[in-house]
2 protein chains.
Amino acid sequence: MTIGEAASLSGVPPKTIRYYEEIGLIAAPERLENRYRAYDESDVRTLRFIQRARSLGFPLKEVGELLALYRDRSRTSREVKRLALARIADLDRKIAELTTIRNAIGDLAGHCHGDNRPDCPILDELEAPTH
Amino acid sequence: MTIGEAASLSGVPPKTIRYYEEIGLIAAPERLENRYRAYDESDVRTLRFIQRARSLGFPLKEVGELLALYRDRSRTSREVKRLALARIADLDRKIAELTTIRNAIGDLAGHCHGDNRPDCPILDELEAPTH
DNA sequence: CTTGACCTTCCAGCGACTGGAAACCCTATC
DNA sequence: GATAGGGTTTCCAGTCGCTGGAAGGTCAAG
């Protein structure tokens, strides 16, 4: 099948598939006589795997590791779990950071009238923080 | 004062200060005879303002808007609050998204033994999701 | 025979920096 | 006066994960 068909079956756009090939995440596929890339079911499964790992926030480097583990019959579940737990720790850090920021802005906005007057605690605080 | 001094007083690295100048976020400063950039107290205050707005997650484009509002004596607090509330909505969306992902990986990791055996629900799920 | 939808390659840009190279400037020390 | 070290200057490249666009080749339908 062509790249467009593989794209719609896997949910990964053609441009992105070519990009994954370029950076070596997936192997370069066979070509048809007209130089079009030819994919099969197995390629589509790989692309779907990648798509799901990406949607879970794994960076491409880790997607590559997951893919290698996925193909390695002798891998242990420990290796996979290690990646997953690292990803969770990373997400927890990011969530905590965003939450802190969100609350800080929330506090500021809560003290701002938001009317036609010019005085604004948000700008005041950016100018010279009180805490 | 030189860029290095302005950097340590404001918390914005020299490279970043030059970058802000390049993209037009801050004005190009006077130069000394040796072509070094010369900053004053007011520049440092501006840089600190930017630094704080950035640490609150405002993208540079919005930092520019905040800066313009900050300098505009006739601005209303409504305009500032609008930016702050948009930022909060954005953060809430991001936090919700990351939390969803975090829980999804958490579920998967919870079902994975993480031992020497090869079977792993994480890879299984990436291969073919059940939900 | 033309239209339109594919496909190919390559190059550029996003945001917000950051690193490095090559050169210049200033001060202090030997 | 040479040298070492710390600034500073410019410019170019790289990060991450794509995405858009240009210029051209290919194919099936009308």
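How are H5(A) and H5(B) oriented to each other? The two helices are roughly antiparallel, since their axes cross at roughly 160° and angles over 145 degrees count as roughly antiparallel. The structure is a predicted model.

**Relation of the two chains**

**Contact between chains A and B**

- Chain B puts 47 residues into the contact, and chain A puts in 47 residues.
- On the side of chain B that touches chain A, two or more residues come from each of helix H3 (41-55), H4, helix H5 (77-110) and helix H6 (121-127) of chain B.
- H5(B) gives the most to that side of chain B, with 21 residues.
- By class, the side of chain B that touches chain A has 25 nonpolar, nine polar and 13 charged residues.
- The copies meet through the same surface, because 100% of the interface residues of chain B are also interface residues in chain A.

**The H5(A) and H5(B) pair**

- Helix H5 of chain A spans residues 77-110, and its axis comes within 9 Å of that of H5(B).
- The crossing of H5(A) with H5(B) is left-handed.
- Residues in the contact of H5(A) with H5(B) divide into 20 nonpolar, four polar and 10 charged.

**The H3(B) and H4(B) pair**

- Within chain B, the axes of H3(B) and H4(B) come within 10 Å and cross at roughly 135°.
- H3(B) and H4(B) are therefore oblique to each other.
- H3(B) and H4(B) make a right-handed crossing.
- H3(B) contributes Phe49(B), Ile50(B), Ala53(B) and Arg54(B) to this contact, while H4(B) contributes Val63(B), Leu66(B), Leu67(B) and Tyr70(B).
- The residues of the contact of H3(B) with H4(B) comprise seven nonpolar, no polar and one charged.

**Surface near DNA strand C**

- There are 17 residues around DNA strand C, and those that come nearest are Gly4(A), Arg37(A), Asn34(B), Pro59(B) and Leu60(B).
- At least two residues of this surface come from each of helix H1 (3-10) and helix H2 (14-22) of chain A, and from each of helix H2 (14-22) and helix H4 (60-71) of chain B.
- H2(B) supplies the largest share of the surface near DNA strand C, three residues.
- Seven nonpolar, four polar and six charged residues form the surface near DNA strand C.

**Surface near DNA strand D**

- DNA strand D is surrounded by 17 residues, of which Asn34(A), Pro59(A), Leu60(A), Gly4(B) and Arg37(B) are the closest.
- Two or more residues of this surface come from each of H2 and helix H4 (60-71) of chain A, and from each of helix H1 (3-10) and H2 of chain B.
- With three residues, H2(A) gives the most to the surface near DNA strand D.
- The surface near DNA strand D has seven nonpolar, four polar and six charged residues.

Conventions:
Residues numbered from 1 in each chain as written. Chains lettered and ligands numbered in written order. Predicted model: local features only at pLDDT ≥ 70, side-chain atom pairs only at ≥ 80, totals over all residues. Contact = placed C-beta atoms within 7 Å. Near = placed C-beta within 6 Å. Helix = DSSP H or I, 4+ residues; strand = E, 2+ residues; numbered from the N terminus. Nonpolar A, V, L, I, M, F, W, Y, C, P; charged D, E, K, R; others polar. Axes fitted to C-alpha atoms, helices over the stretch in contact; angles between N-to-C directions. Parallel < 35°, antiparallel > 145°, perpendicular 65-115°, else oblique. Left-handed = near helix turned anticlockwise from the far one by under 90°.
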